[in-house]
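Work through the exercises below with the coordinates open. Each task is followed by a stepwise solution.

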Amino acid sequence: MRDVAIIGVGLNPKWGELWDKSLRTLFAEAALAAIEDAGVDHVDSMYVGCMTSGLFAGQEHLGSLMADYLGQPGLPATRVESACASGGAAVRSAFYEVASGASDIVLAGGVEKMTDVGGDGATYALSTAADADYEVYHGVTFPALYAMMAVDHMNRFGTTSEDLANVAVKNHNHGSMNPAAQYPFEVTVEQVLGSVMVADPLHILDCSPITDGAAAVVLCSMDKAKELAGDRPLVKIAGVGAATDTIALHQRPDLSWLGSTEKAAKTAFEMAGVGPDDIDFAEVHDCFTIAEIMVIEALGFVERGKGGAAARDGLTALGGKIPVNTSGGLKSKGHPVGATGAAQIVEGVTQLRGEAGDRQVEGARRGITQNMGGTGGSSVVHVLEVV
Amino acid sequence: MPAGYTREIPQRYRLEAGKCKKCGAVHFPQRLACACGSKDTEPYVLPSTGKIATYSVVRVGPSDFMDLVPYVVAVVELDDGTKLTCQVADAAPEEVSVGTPVTLEFRKVNQVGGHGIIKYGYKAVLDRFVE
Ligand SMILES: [Zn+2]
């Protein structure tokens, strides 16, 4: 396999309830931004990450649609689906297409148009990432599944509602420095704990929002990247890992351990030849505050059971030992499910190029992204580093 | 009733599961292949008693469950160690905690849509409701 670089990144100028932008416009906007950033005039192939445009927008067949609206009809293009890990899975697919030598320049992105349906439609669409026959049938919602993971973590390790709230406080603080964030305001622990309870012990401010948005990256061979990079720092994908776990939470021996994240990270770390201590920052899948706590344990940044203290003690804040979710995370930046994994890589490249402005991690040389589907039924991890 | 509902009746009404003949793993629902590599499984009926492994209270529910809100959902660990997800019937949130003993009973799960199709299945019931 040959080395793969990320030569272009693109996002919509701002995420949120973008009523005047359609599914195709959202994706084309981010993809064209990434192509322009890369300085190329075409790509050879494309992967579009999307969880459920059929349910959110009545539209499948995104490969054809997006190639057409990108102005590249004829382009080989495929939709990739792995629930909320679809964006990360799309980038992983593009990585292997370039690494194998099959293509030189490949675009990978993700998109979700979530606000064309009402709240109940969105709840239903998102629930399809869980076990339809053995979880959703019984009236279990996504917040309730993560709430049950939180109760397990709290019961066994003494994690508190304040610990969860501190993740939201930190990520909103980071997001306040991100111009693209959907909710770039700060919140306090009191505000989180005083917000409406959705599924005990998760409040509405423990949950990521419903978001319209897209993100895209352009990957190419290292040789090609050296021609294109100019004066800019060159970022490579040093490691990639993906893994699955049981789709139903109840099938797992440990109800608050993310086995798919642990496995995906192990693969990515081995490929990169590094470990958790070598990482300068992380973008992780904080769809709910408890998720970030479980993820940093599974990635090996903290010991099992110690994730709850990390945000409270400043370990994962900007300026801390391992800044987590400098973009604001899913919590503040927004969570257009199919786009999230690609957007994490956009933030990683932005940090490694030193272009993150007020939220820049000083001296960032190597970062990790972790994108997760369902309650951890799938995970995709990328290790990124400056060449 | 649509086929998608009726084919799950053995599991939902009678707790019919499968057991791997090679390693003894219990599969609910029954599977064609075990993680141990074996494809040799036999029918097995789950025990109906166990305890709450974890739980939550759904306060914002899907429209088909709106009339039940707030309702308690749980992962129940049965006496043989098998876990499954269901509602805890008629329970006030403060009555449920990790370790609370429950019994699975056959109950109405909910009523779907304007035509009122009634769906049935197992729910966990607290000891004070068990006859
Ligand atoms: Zn077996």
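The model is predicted: local features need pLDDT of at least 70, side-chain atom pairs count only at pLDDT 80 or more, and totals for chains, interfaces and linings use all residues. Residues are numbered from 1 along each chain as its sequence is written, and side-chain values use heavy atoms, without hydrogens and water.

**Exercise 1.** Determine where A:Ser100 lies and whether A:Ser100 is buried or exposed.

Step 1. A:Ser100 sits in the loop that joins helix 4 (86–99) to strand 4 (105–112) of chain A; helices (H or I, at least four residues) and strands (E, at least two) are DSSP runs, numbered from the N terminus.
Step 2. A:Ser100 counts as exposed because its relative accessibility is 52%, the cut-off being over 50%, with buried under 20% and a 1.4 Å probe on protein chains only.
Step 3. The C-alpha atom of A:Ser100 is 5.4 Å from that of A:Met1, 99 residues away along the chain.

**Exercise 2.** Compare the span of helix 14 of chain A with its expected value.

Step 1. Helix 14 (residues 340–352) has 13 residues; the expected span is 1.5 Å times one less than the number of residues.
Step 2. From first to last C-alpha, helix 14 reaches 18 Å, close to the expected 18 Å.

**Exercise 3.** Give the strand order of the nine-stranded open sheet in chain A.

Step 1. The order is 3-2-4-7-1-8-11-10-9, with mixed pairing; two strands pair if DSSP finds at least two bridges between them.
Step 2. Strand 3 (77–80) and strand 9 (281–283) are the edge strands, each pairing on one side only.
Step 3. Strand 1 (residues 4–11) and strand 8 (residues 235–244) pair antiparallel over two bridges, and A:Ala5 has A:Lys236 as its bridge partner in strand 8.

Technical notes:
Chains lettered and ligands numbered in written order.
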